[in-house]
Amino acid sequence: MSSFVIEAVGLSKSFGSTHALAGVDLSVRTGESLAVMGASGSGKTTLLHCLAGITRPGAGTVGFLSGAGRVVVTGLSERERSRLRREAFGFVFQQGFLIPELTAVENVALALMLNGMPRARAEEHGRGWLVALGLAGMEDRRIGQLSGGQAQRVAIARAQVTGASVVFADEPTGSLDSATSADVMQALLDSTTGQGRTLVVVTHDAEVAARCSRIVDVRDGRIVGERVPA
Amino acid sequence: MIARVAWLLARPGSAGAAASVLPVTAFGIVTALLLTVIGGAQTFWTWTDDDGVLYQALAVIALVLLVVPLVSLGGAAAGLSARRRDDGLATLRLLGATPAMVAALAVIESAVLALVGAVAGVAVYLAGVPLLGLIAFRGEALGASGVLLPWPALVVVPFAIGALAAVSAVLGLRQVVISPLGVRTRQEAPRLHWVRVVVGLAVVALAFGVMSVLRVAPSAMVFLGMLALAFGGSLAVLNLIGPWVIRLIASGQAKRAKTPARLIAARTVLESPKGAWRQVGGVAMTSFMAVFAGAGVAALEAFGTAGDAESELLMADIRTGILITVVGSFLMVACSVGVKQAAGILDRGDLYRSLDMLGMPVGTMDAARRRAVMSPLRITAIGSALTAAVVMLPLTGVTLIVAPASLVVIAGVLAAGIGIVWLGLLATRPVLARAASTAG
């Protein structure tokens, strides 16, 4: 049985005449933290979107090894991919993209409620995650009342609360200062690989990438190198 | 230079053609409705007999009731037009464009879109003139020639709409000019004080008292003054306590919400109860008026006060007027809601896209925003109707017994109005689906 949680073969994607991905092969091991590095426009975010089933590639396949067996993500309908993202994956974005009207715990619980969990239980789970991520006492604050680093921890809790086996993070520390960035990255690693889950991080920050277990470099839509941080 | 940049910015952006089509459509509807209302009412001023004065007074009341949602709709259309290019204009500020240049671009673009929409609105009005002419008052149809406005009005109104859009664009873009980054922070949700309710209840009780002693008014002037006091006072109360009631109910809904859509909707309303009220406030006046006048007319008819043919005609005309005002008001609120929703979707495009990435179905996002409008709308329409029923209590009670069908008709018209707003919301679902779409 494969130990790869995600396997992508021959991924290509074009937007008009721009080739964002040009034949990418990439395997992500279960429990590893993988950093995808590259300059702006190198195709790293498109790669993340294809791996996570957000975008359908023009060519190639993405396989995901779930508890129920291997799923060909690229063969799923839009609705099925949406469900897969909701149930099996977690996401952390650069700007957080939390719902500003909701409180911290409601933002986290929402991910569980979307999967049908009753609100009271969902909020209980959410509170547990927020406390674990150092946000005890801030559960009922609205997002505007939190600092950037605190809001990003809420986003990490939201990505994790469903028990997602893979968390995709797109420049998760891009809007933070270096000290907060280090804290948030540590929280992200502790809550994912620290618990046997898999983390795929897209970043152009060498310091963030250096904290992952493996780095792949992307340029012009191709993987041009792979290394293990010192 | 400014004209060239304006032309570049006029090309469809990431929000697609909808970002241009929506404000044009909204301004078209505003213009068509404005011309229809003025065109329909102008006939009344050709009547010079005693009854003619009464019709003119009633027309003024109807126009005042329609002006509130019309202004709200005009503002919403202008806001949407201005906001659709916020990003581009903010970028221009970052690139070094002066505040004056950004303001000029906003004015040019909004005014041009408004003018295009207004010209289309004139065409819609002209196409509708034969139908409008079929509406009968004083026993005969108004006639196409009666409701057709003179050509200077048809020229002036589009330019006035364009000017309104330009002013609104400048006001709306003040934030961009002040801060090129357009940073917006949200802190604690505003709270409204319960004292509003105490004052409101006191005024409703006073209005009820005034209406109870209406029959002992020593003169017609005092009678009209008392009526205006009860009517105006109650309407003022609605504006005073409306946001408070909306917040109170949304607060309960937020606590009880069991689904994501209900939770997000309730929290959205709580974010700005005043904003939720402003969006549907026009309906409050209309609902109040529909019950206030409708119950009065029904009771008068039932007791045979309107014995002669002329009086019966007047009662029938008042009923027609109420119906037109209620439908017109709801139509404008529906357009206003649709336009504001479209603007809100464009504003929160990144958030909707991120929620789609997280796997939230578009249906859930749609249900949340629909509920955030429909819940305050229902509270407003029903609350206002009930307030009018309380103020008119002896009369509404009597009407309920002697002419229940009239109240059923009023309730039916209000329900249809709520349905029109729901359709307005439905029309913006494609905008949401497009904004949220991340699928490649």
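## Chain A in outline

Of the 230 residues in chain A, 57% are buried, where buried means under 20% relative accessible area, exposed means over 50% and partly exposed is in between, using a 1.4 Å probe and protein chains only. This is a predicted model, in which local features need pLDDT of at least 70 and side-chain atom pairs count only at pLDDT 80 or more, while totals for chains, interfaces and linings use all residues. Residues are numbered from 1 along each chain as its sequence is written, chains are lettered from A and ligands numbered from 1 in the order in which they are written, and side-chain values use heavy atoms, with hydrogens and water left out.

Chain A holds seven helices and ten strands. Helices (H or I, at least four residues) and strands (E, at least two) are DSSP runs, numbered from the N terminus. Contact means heavy atoms within 4.5 Å. Among the contacts in chain A between residues at least 6 apart in sequence, 68% join residues at least 24 apart.

## The interface of chains A and B

The interface brings 27 residues of chain A into contact with 31 residues of chain B. The two chains bury about 2,600 Å² between them, and 60% of this is on carbon and sulfur atoms. Buried area is the accessible area (1.4 Å probe) that two parts lose on being put together, summed over both. Glu101(A), Arg119(A) and Arg142(A) supply 23% of the area that chain A buries against chain B, more than any other three residues.

Ten residue pairs, with both residues at pLDDT 80 or more, are in polar contact across the interface of chain A and chain B. A polar contact is a pair of N or O atoms within 3.5 Å; within protein, one must be able to donate a hydrogen and the other to accept it, and residues adjacent in sequence count only if both atoms are side-chain atoms. On the side of chain A that touches chain B, the elements giving two or more residues are α2 (78–88), β6 (89–93) and α3 (104–113) of chain A. α2(A) gives the most, with four residues. By class, this side of chain A has eleven nonpolar, six polar and ten charged residues. Ala, Val, Leu, Ile, Met, Phe, Trp, Tyr, Cys and Pro count as nonpolar, Asp, Glu, Lys and Arg as charged, and the others, Gly among them, as polar.

## Salt bridges between the chains

Side chains of opposite charge can pair when their charged atoms come close. A salt bridge is a side-chain nitrogen of Lys or Arg within 4 Å of a carboxyl oxygen of Asp or Glu. The whole structure has 16 salt bridges over all chains, and four salt bridges are counted between chain A and chain B. In one of them, Arg85(A) meets Asp356(B) at 3.8 Å, N to O.

Another salt bridge pairs the side chains of Glu106(A) and Arg267(B) at 2.7 Å, N to O. Glu106(A) lies in helix α3 of chain A and Arg267(B) in helix α11 of chain B, so this pair joins two chains. Glu106(A) is buried, with a relative accessible area of 2%.

Thr103(A) also touches Arg267(B). Thr103(A) sits in the loop between β6 and α3 of chain A and is buried, at a relative accessible area of 7%. Leaving out residues up to four places away in sequence, the residues that Thr103(A) touches also include Glu139(A), Asp140(A), Arg141(A) and Arg142(A).

## Salt bridges within chain A

Asp140(A) forms a salt bridge with Arg127(A), the closest N and O atoms being 3.2 Å apart. Arg127(A) lies in helix α4 (residues 119–132) of chain A and Asp140(A) in the loop between α4 and α5 (148–160), so the pair ties together parts that are 13 residues apart in sequence. Arg127(A) is partly exposed at 30% relative accessibility, whereas Asp140(A) is exposed at 52%.

Glu226(A) and Arg214(A) meet in a salt bridge at 2.9 Å, N to O. Glu226(A) belongs to strand β10 (residues 222–227) of chain A and Arg214(A) to strand β9 (residues 214–219), and the two are twelve residues apart. Arg214(A) is buried, with a relative accessible area of 6%. Salt bridges that share partners join Arg29(A), Glu32(A), Arg214(A) and Glu226(A) into one network.

Helix α11 (residues 260–271) of chain B has twelve residues and reaches 16 Å from its first C-alpha to its last, close to the 16 Å expected at 1.5 Å a residue. The expected span of a helix is 1.5 Å times one less than its number of residues. Nine of the twelve residues of α11(B) are buried, among them Pro260(B), Leu263(B), Ile264(B) and Glu271(B).

Helix α15 (residues 362–391) of chain B has 30 residues, and its end C-alpha atoms are 43 Å apart, in agreement with the 44 Å that it should span. α15(B) is mostly covered, with 21 of its 30 residues buried.
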